[in-house]
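Hi,

Here is the structure I promised to send over. Have a look, and my notes on it follow below.

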Amino acid sequence: MTGTRGNSVATARRRQAATGAVVHAWRVLLSRGPSQAQFWFIALALGIASGLGAVAFRAAISGAQALFYGTDDIRTLHSFARTLPWYVIFIIPVLGGLVVGLILSRMTPDGRVRSVADVIEGAALHKGRLEQRAGYASTLASLVTLSTGGSTGREGPVVHLAGQISAWVSRRINADGITGRDLLGCSVAAAVSASFNAPIAGAIFAMEVVLRHFAVHAFAPIVIASVAGTVVARLWFGDVTEFELTEQTALAFYVELPAFLMLGLVCGVVSVVLMKAVFFTTRLGDRYTSRTKLAQTVRPMLSGAVLGAIAIWFPHIIGVGYETTSAALTGRIPLFEAIAMAAIKVVAVAVTMGGRMGGGMFSPSLMVGALTGLAFGAIATEVFPEVSGAATLYALAGMGAVAAAVLGAPISTTLIVFELTGDWQAGIAVMVSVSLAVAVSTRLVDHSFFLTQLAQRGVRLAAGSDYLLDLQSVGVVMRSMDSPRAAPEAACRALMEEGVTLSPSHKLTDAMEIFDEAGHAFVPVVAQSKESGPPELLGAIFHLDAVRAHNRAIAERIREEHT
């Protein structure tokens, strides 16, 4: 009896000790951040969670498409839609747009769908954190859009969903900027890998597009997460490529390479047309909504009506478009039909994105690129048949070229094309076309679709290190009036009378603009009075202090990117 009681006491003590160790480890994790070994385990867990999220999102799209269109196979969706009554094809996107409008109007402050651009902004400016409520609403809205005929892709919502998962973890462990960004990279890599069965491209995409650096310290955990996401997807879907090529796509002769250079130029122009079309319809929708005071719920519904009308005659615009992309890669689309389908797809993507219906740009750019490449290849092989390979090789190269130019990601997009098709022998053609397409597009937009989106919101990440000025506020850098090195009060009052002031909430970007324009050594920092009286003088921000803060931010980011 005594022995039994003693064993129970010992067991209780062991449990208490184990619980204490866990609590201590958690406190250390919160206060000091994860160690390298802990971080790798967190990366593995994030990879599994993000992979499951990508698989669940894809499965949800298939299930909802089966409910609305009667088939869950995205590879035959367009063909099946041709058999449906015209009014069914029309009404489904309208209803989908209405639901999207209701979701966004109630769960976001501005009715805007969050996507990859917001993930990039979160990595650069917010320590890997993203908006939670608006982010989940955007994922749900994109799911509805892709299930009801929206002409976009699934990678944007999947990337943002993965970012939500990593942001949740970062908040729980109180991660610093470097750790938060690395966790975000892990989640994104796993989501892309799981979504496209492309582990190599997923890891590179996270570093090239989201983190925008290739730091060694981030490489190992990102690879771990990417592999974990791929394993999750392969356990669910099997080890298969998204597209199957029916014929060999090797170059006929090296003299054919100039044709792929020309294809790259054409694809660069096409990618810019695609991006500019989206930006145009977005601005047009914003102006129309502002002038007519249109409710946020109506805008996506009107876009759905336009999409439904187009889909009655051209059902290939419905959803991610893998059936049409596969047909282009296997040469089953005639020349003029390929040109027409590419043009109509551009219109459909612009209507969907401009109508704030949600979705990503990668899958549409794959489809437009494959159609463009096939049309170019049909002409090239007809004009020079004795030195030309298959027209489908041009479709493969065009697919990669347009996608790389839109995403601003030549390395990861090239790898994704290889992994999606399983064809590594056409690498020279794809790389040549991709490089020229990216060179053309970056001359006409801010490096990519996503960075141009951010630039239009005032976040200029493409402008070198200047964006680091947005990381600190004036209130943090200013010298208060009771500081030993405070600015002369009389001089501050004189500038206040001239209207040259800043508030503590302003960013250093605003301060530097005033310094550059007016040439002052300092600018007063004021707080508006609650009454109608004059503003209260809090202190001043000096030009020298702003420059030092910027230099410190640059040095910190350089250390992160080179360790």
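Asp110 pairs with Arg114 in a salt bridge, their closest N and O atoms 2.8 Å apart; the term here means a side-chain nitrogen of Lys or Arg within 4 Å of a carboxyl oxygen of Asp or Glu. Bear in mind that this is a predicted model: local features need pLDDT of at least 70, side-chain atom pairs count only at pLDDT 80 or more, and totals for chains, interfaces and linings use all residues. Residues are numbered from 1 along each chain as its sequence is written, and side-chain values use heavy atoms, with hydrogens and water left out.

Arg114 is buried at 4% relative accessible area, while Asp110 is partly exposed at 28% (buried is under 20%, exposed over 50%, partly exposed in between, with a 1.4 Å probe and protein chains only). Arg114 also has a salt bridge to Glu131, 3.0 Å from N to O. That pair links distant parts of the chain, 17 residues apart: Glu131 sits in the loop between helix H5 (116-125) and helix H6 (133-147), Arg114 in the loop between helix H4 (86-107) and H5. Helices are DSSP runs (H or I, at least four residues), numbered from the N terminus. Glu131 is partly exposed, at 38%.

Elsewhere, Glu560 and Arg557 form a salt bridge at 3.5 Å between the closest N and O atoms. Both lie in helix H23 (residues 543-561), three residues apart, about one turn of the helix. Glu560 is buried at 2%, and Arg557 is buried at 10%. The structure holds eleven salt bridges.

Cheers

Notes:
Helix = DSSP H or I, 4+ residues; strand = E, 2+ residues; numbered from the N terminus.
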